[in-house]
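Good morning, and thank you for joining this meeting. Please look at the sequence and the structure while I speak.

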Amino acid sequence: MIVIYPGSFDPVTNGHLDIIKRCSKKFDKVIVAILNNSSKKTLFTVEERTELLKKAVEKYDNVEIDDFSGLLIDYAKERNVTTMVRGLRAVSDFEYEMQMALVNKKLYGDIETLFMVSSGEYAYLSSSIVKEVAMFDGDVSCLVPNVVEKALKEKLRGGQGK
């Protein structure tokens, strides 16, 4: 079974990597699909996010990194994939994700959305929190892989580090 794990991954966090790792054990192939939305302001370009994710998941043979624009269901049809995985951190995530899953199902009857609950140690973690901590020169080493920590320092402080 092939699944798509979509997101903006700006940047990828240890919570994202936990979901990817768990999916890689359950499914034949995991396509991590990075949303390329030009109207959304991101810290990292889609090319940078792609490179960071490739480095972060290089130990998983069955994980592919790709990007897409437009509707996720159009991307899923293009890739001939009918299952997507969404991570849930809290009950508040579920309401939004359920609405999206129902809309996707209405637009593309073959699509199924599987919800994977975040591991407890990452239930609080989001890319937004990581960027905020990093912006104020906080230690993000326990929140993101080393490659992302380094990229955040480069991006936010012109490569000067601490």
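Methionine 98 lies in helix H4; helices (DSSP runs of H or I, at least four residues) and strands (runs of E, at least two) are numbered from the N terminus. Please note that this is a predicted model, in which local features need pLDDT of at least 70, side-chain atom pairs count only at pLDDT 80 or more, and totals for chains, interfaces and linings use all residues. Residues are numbered from 1 along each chain as its sequence is written, and side-chain values use heavy atoms, with hydrogens and water left out.

Helix H4, residues 91-107, gives the largest share of the patch, 3 residues.

I turn now to methionine 84, which is placed in strand S4, residues 83-88. With 2% relative accessibility, methionine 84 is buried. Beyond the residues up to four places away in sequence, methionine 84 touches Ile4, Leu72, Asn104, Ile111, Glu112, Thr113 and Leu114, where contact means heavy atoms within 4.5 Å.

Next comes helix H5, residues 127-135, whose buried residues are Ser127, Val130, Lys131 and Ala134. Why are they on the same side of H5? Because they cover an arc of only 95° around the axis, the arc being that of the directions from the helix axis to the C-beta atoms. Their cover includes helix H1 (14-26) and helix H6 (146-157). Just after H5, aspartate 137 has a positive phi of about 65°.

Finally, asparagine 14 is found in helix H1 and is buried, at 15% relative accessible area. Its side chain reaches the backbone oxygen of cysteine 142 at 3.2 Å. Leaving aside neighbours within four places in sequence, the contacts of asparagine 14 are Tyr122, Leu125, Cys142, Leu143, Val144 and Pro145.

Key: Buried < 20%, exposed > 50% of the residue type's maximum accessible area, 1.4 Å probe, protein only. Polar contact = N/O pair within 3.5 Å; in protein donor to acceptor, adjacent residues only side chain to side chain.
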